[in-house]
Each structure stands twice: as structure tokens, then as C-alpha cells.
Amino acid sequence: MIKKNKNLFAKLEQQIDDILHKKVSILNRLQNICKLLKEHAMYYDWVGFYFVDGENPNQLILGPFEGAPTEHTRIPFGQGVCGQVAEDGRARIVQDIEQEENYLSCSIDVKSEIVEPIFKKGKFIGEIDIDSHTIAAFSVEDEVFLKMIAEKVSGRL
Ligand code: SME
């Protein structure tokens, strides 16, 4: 398992606060959060947001992301790790994607994944998805960190 650097998470939290308070569009802010996380957490190889499609409430649409382009720009609830989180609102860590039966592959390089739901007034509205090229990259520390980000993002939407 990758050893987590608490100082890095604390520093990134501060920078995320700064980004979220910039007077630019929300999409721009989310893009900058993806960029920041991908650049500074070395095992975060793909960082993106999915949001519930307003016109198709049982589907997720890909929002801002950093990393390799993905074919999964729309994900029905229930499909893949992202769709499962959308369905029951529970965060998921997949330590080895080869062991996950309900999985949508983005790239052969991806070995593990974490997905954190975003809620607004108690309603599921989207999620943060992170892929790693390292097996078992994510732990409860990442989950706590991403939950904090999800709450901060929700507060600015
Ligand atoms: N692996 C995800 C699909 C999204 S990509 O990771 C960007 C899943 O199984 O839902």
C-alpha cells in the first residue's frame, strides 16, 4: 500500500479552498482541482468528475477531468464502479480492478480506483473518480481526503 503524506493532503486542501473561491466558472474551478490533484498526488493518474445528467437522471455525464481521454463519457446508474456509487451513494475503493466484475475499463494501465459521491442537500448529484496505475493505491486516508473535497465542491455548486 502507498504511504500517505498528511502534509501533502493538508497543503492540497488549502489550494483547493483557493481554487474554489476564484472568480471563474465552476467548470474552470473543477478542472483546476483535477489538475492540482493529478500533478501533486503521484499515484492519482486520472482524476475526473461525473455529474447526474439533468435530462436523463439515471445517467452520469463526464465533467472536467485530467488524464487520458475515456470512452465512458456517459455511464448509466448501476454500470461500472461509477454507476454503482451513483446507485447507492456509497463510496468505493477497488484495490484490484481485475477482481471487480462490474467494471468499465478506461485503459489497460489502470490497476485500482476510488469513487467518492457528491451530495447537495442530501441528494446525490455527482462523484469524484480517481484511477491509479498502481495496484491497491487507495486507502481510507484518500477516502477522507476526497470526502472533504466532495463537501467543499458541493458547497460551491
Ligand atoms: N472505471 C470506471 C469508469 C470510468 S473511468 O475510470 C474514467 C467504472 O468502472 O465505472
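**Salt bridges and a helix pair in a predicted model**

Student: Does Asp17 count as buried, partly exposed or exposed?
Tutor: The relative accessibility of Asp17 is 23%. This is a predicted model in which local features need pLDDT of at least 70 and side-chain atom pairs count only at pLDDT 80 or more, while totals for chains, interfaces and linings use all residues. Residues are numbered from 1 along each chain as its sequence is written, and side-chain values use heavy atoms, with hydrogens and water left out. Because buried means under 20% relative accessible area and exposed over 50%, with partly exposed in between (1.4 Å probe, protein chains only), Asp17 counts as partly exposed.

Student: Which residue forms a salt bridge with Asp17?
Tutor: A salt bridge is a side-chain nitrogen of Lys or Arg within 4 Å of a carboxyl oxygen of Asp or Glu, and for Asp17 the closest N and O atoms of the pair are 3.0 Å apart. The pair links distant parts of the chain, 135 residues apart, with Asp17 in helix 1 and its partner in helix 4; helices (H or I, at least four residues) and strands (E, at least two) are DSSP runs numbered from the N terminus. The partner is Lys152.

Student: How far apart are the closest N and O atoms of Glu13 and Lys152?
Tutor: Glu13 is partly exposed, at 29% relative accessible area, and Lys152 is partly exposed as well, at 22%. Their side chains form a salt bridge in which the closest N and O atoms are separated by 3.5 Å.

Student: At roughly what angle do the axes of helix 2 and helix 4 cross?
Tutor: Axes are lines fitted to C-alpha atoms, for helices over the stretch in contact (heavy atoms within 4.5 Å), and angles run from 0 to 180 degrees between N-to-C directions. Angles under 35 degrees count as roughly parallel, over 145 as roughly antiparallel, 65 to 115 as roughly perpendicular and the rest as oblique. The axes of helix 2 (residues 26-40) and helix 4 (residues 140-156) come within 11 Å, and the angle between them, which makes the helices roughly antiparallel, is roughly 165 degrees.
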